[in-house]
Amino acid sequence: MLGIKGHLRFEQPSPFDVTEFRLNLTNLQSRVGPYHVHKFPVRSVRSPVSSICSNDDLGGHWNPFGLNTSAPTYPKRPGSTFDMYEVGDLSGKHLFLTGLNEVDAVFNDSSLPLFGPNSIVGRSVVIHQGNGARFVCASISYPGDVSVARARFRSPVVGEIWFTQLKNHPLSDVSIFLDLSYGNPTAKPTKHHSWHVHTHPISSERDDDEGSCGTTGEHWNPSNVSTDNSSYALRCGPSSPLSCQVGDLSGKLHTIDLSPRVGTVEAKNFFTDVTSWLSESGLAGRSVVIHQEERGSLRVACANITRVRRPEASSGGWFGPETSGGQIVFSQDFPHGPTSVNVSLVNLSSLAGGYHVHILPIQQGSTEPCSNANIRGHFNPLGWNASSSPAPGAGTVDQYEIGDISGKFGMLSGLGQLQAAYVDPSLPLTGPYSIVGRSLVVHYQNGSRMRCADIQAARDPDGQWISAKAVFNASVTGAVSLRQRVFPDGGGSDVTVEVALQSSPQEDVRTLTEAFLFIDRGRGCRGGGTFNPFNMTLGSSACSLENPLSCAVGEISARQGAISLTERRVLTDSSVELSGDFTVVHRSLVLKNGSSVVACADILPESPSAEQTFPSVARFSRYDFRKRVASVLQVEIVRITILGDFPSPQPDGHCQKVSFMISGHVSTKLLKSVKTSEKMGPFKESQSCTKSAGNLFKPGTLLLCCMFAAAHLLPLVLH
């Protein structure tokens with residue numbers, strides 16, 4: 001970062017050994033001095049880049065024993081015993097970097113644990129300038145492949161809890177990172193909330209039903225720790241976690257505070273849990289419940305814990321005049337970690353120069369697939385000035401455009417092939433700056449385009465794709481396509497939104513080049529208001545690309561910016577959902593210019609979908625309906641999504657209709673069988689309902705039918 005290269009390496013064989021700390025850094029140029037472990041990990045790419053090391057992102061020094069660094073007894077230089085320093089005060093304990101250009105040193109530290117509640121694993125290191133200002137930072141990664149799970153809160157608490165553990169090591173520590181706040185910016189800060197893992201996921205009729213948190217059961221307590229008497233509160237605590245229920249996070253870790261300051265240091269916490277585990281009937285598949293302030297018992301917020309799949313992508317088939325071959329594979333061990341880039345390019349014939357991620361995917365059927373008109377230029381969402389970048393391979397990855405792979409790691413000039421592996425913390429596969437769904441270009445040495453390929457998400461045997469589209473045909477023409485992958489536990493990927501819209505040459509929109517995009521809660525462009533299922537404050541100042549959960553779901557342009565009406569654009573959005581209770585399918589996309597509506601179109605399913613009309617039931621159960629459809633189709637219930645505000649009553653007053661959609665593939669024949677399957681029970685389509693629907697005429701239809709019949713009967717009468 002900022003030209004400083006190297007690493008800090010920590011190794012501790014067991015909790016009973018000292019930690020060996022290796023410091024290897026170059027190109028310091030006498031710019032820095034102290035360095036410390038800080039509380040929180042470095043998050044994904046942000047704008048501006050300098051903000052990723054801020055106090056709001058990383059917090060202060062890791063100081064679990066609360067030492068007062070301003071006290072006259074606090075040592076200012078190395079030489080005292082380690083217990084006199086903050087755990088994270090690396091320069092204080094070992095060596096300041098003042099005046100150095102490079103350093104390669106090894107130290108032993110008995111107060112720098114990689115195990116237990118005070119572990120530094122998963123946190124970060126910040127190197128400061130001599131005046132104390134934060135200069136560069138990096139996360140302290142895990143010593144192997146990890147399993148990750150997430151609980152996402154949407155209302156009244158917004159944010160996420162991330163659980164990370166070494167894969168296939170259920171006895172290893174679990175890192176828990178929280179970024180939670182109130183979604184309402186006018187809410188008052190509250191303190192000392194208890195929070196627990198509960199036995200079951202949310203199982204109410206809808207995830208947003210009042211009382212949904214009451215369906216999660218009791219605390220997860222696989223060891224059957226008794227809480228029946230007052231001694232539990234005395235026995236259970238951070239110093240004795242084995243005396244706590246496994247799910248009692250506030251008891252064995254700490255209570256949490258909540259404020260409306262989204263994305264700030266006040267919203268964050270980081271704990272290391274020594275008694276939980278993720279897989280094999282562990283945390284994943286359960287839920288987290290947050291209780292009212294001051295250790296109250298009322299359940300105020302809850303979220304399911306779903307497994308996070310390892311993000312992976314690769315280049316697809318190549319287009320271009322030269323013989324193509326090879327592939328580039330991208331992967332992240334965990335969503336906010338660095339991306340591994342494995343390059344295998346062949347048939348370069350010493351003709352290639354640079355290679356980059358470009359903004360757009362290749363349009364199918366294009367005669368010039370690699371052209372600027374098709375896929376545009378380098379992917380550079382942070383607006384980095386490429387002229388200020390160092391020579392290729394000379395700088396650090398933050399000193400180049402996000403998509404400038406050859407700038408970061410070196411050109412292809414003079415090579416017939418390249419087999420190489422790189423690590424890039426600024427090439428994300430998730431979030432608003434994701435490269436997935438874009439394209440990759442290999443250039444000739446003169447800068448012209450040699451070959452190109454799409455960057456496609458890797459296949460996942462558990463995942464099913466679901467897609468929808470809104471087609472505009474009036475003052476604006478074109479389409480907005482949405483695509484998401486969903487998983488059996490209810491988790492899902494970000495939604496990829498491809499916008500391809502053009503303003504029509506009409507008088508009132510002739511000069512319009514961009515508009516603001518919203519999702520309306522109704523279908524048919526009836527103006528029902530912004531889709532806001534979690535009752536967020538519309539137009540909140542907390543809503544941004546980096547804090548999307550603070551936006552109403554329908555405020556797409558509030559977080560993504562204006563939409564071009566002259567060229568294609570690809571967005572990655574983590575607030576929109578295509579499946580589940582909060583699907584945007586069968587709602588409307590609205591384009592606005594200020595307060596004026598420019599155009600509108602319904603979001604319709606591209607994935608398999610159907611309608612079911614049946615005799616009215618006294619109390620419609622969404623869960624029962626989905627379960628029965630899933631049984632007929634022989635798929636998981638999570639793949640069935642009820643669309644819009646259904647069931648809708650039919651005009652005859654005796655029947656109801658439900659529209660639904662299925663993620664993944666299902667045969668047309670099997671889908672049709674849902675209508676008359678006995679497994680549908682009370683939702684089986686009845687002949688009386690379909691006949692009454694077929695006998696309903698629009699105004700004027702009956703007259704036309706009668707006239708048509710009379711015209712054909714008249715000749716018979718005359719004879």
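This is a predicted model: local features need pLDDT of at least 70, side-chain atom pairs count only at pLDDT 80 or more; totals for chains, interfaces and linings use all residues.
Leaving aside neighbours within four places in sequence, which residues is Ala151 in contact with?

View 1. Residues are numbered from 1 along each chain as its sequence is written, and side-chain values use heavy atoms, with hydrogens and water left out. Ala151 lies in E7 (residues 146-153); strands (E, at least two residues) and helices (H or I, at least four) are DSSP runs, numbered from the N terminus. Its contacts beyond four places are Gly159, Glu160, Ile161, Val288, Ala303, Asn304 and Ile305, where contact means heavy atoms within 4.5 Å. Val288 is 137 residues away along the chain, yet the two C-alpha atoms are separated by 7.0 Å. Ala151 counts as buried because its relative accessibility is 0%; buried means under 20% relative accessible area, exposed over 50%, and partly exposed in between (1.4 Å probe, protein chains only).

**View 2. Strand E11 and its partner E14.** E11 spans residues 195-198 and runs antiparallel to E14 (residues 287-291), with 4 bridges joining them. Strands pair if DSSP finds at least two bridges between them. Val197 stands opposite Val288 of E14. Trp195 and Val197 point one way from E11, His196 and His198 the other way, and all are buried. In a regular strand, side chains alternate between the two faces of the sheet.

View 3. Arg206 is found between E11 and helix H3 (231-235). At 22% relative accessibility, Arg206 counts as partly exposed. Beyond four places in sequence, Arg206 touches Ser212, Asp581, Phe582 and Arg622. Arg206 and Arg622 are 416 residues apart in sequence, but 7.9 Å apart C-alpha to C-alpha.

**View 4. Two aromatic pairs.** The structure holds 16 aromatic pairs. Rings of Phe, Tyr and Trp (its six-membered ring) pair if their centres lie within 6.5 Å; planes under 30 degrees apart are stacked, over 60 edge-to-face, the rest tilted. Trp195 and Phe271 have ring centres 5.8 Å apart and planes at 40°, so the pair is tilted. Both Trp195 and Phe271 are buried. Phe625 and Phe660 have ring centres 5.7 Å apart and planes at 70°, so this pair is edge-to-face. Phe625 lies in helix H8 (residues 622-633) and Phe660 in strand E34 (residues 655-662), 35 residues apart. Phe625 and Phe660 are both buried.
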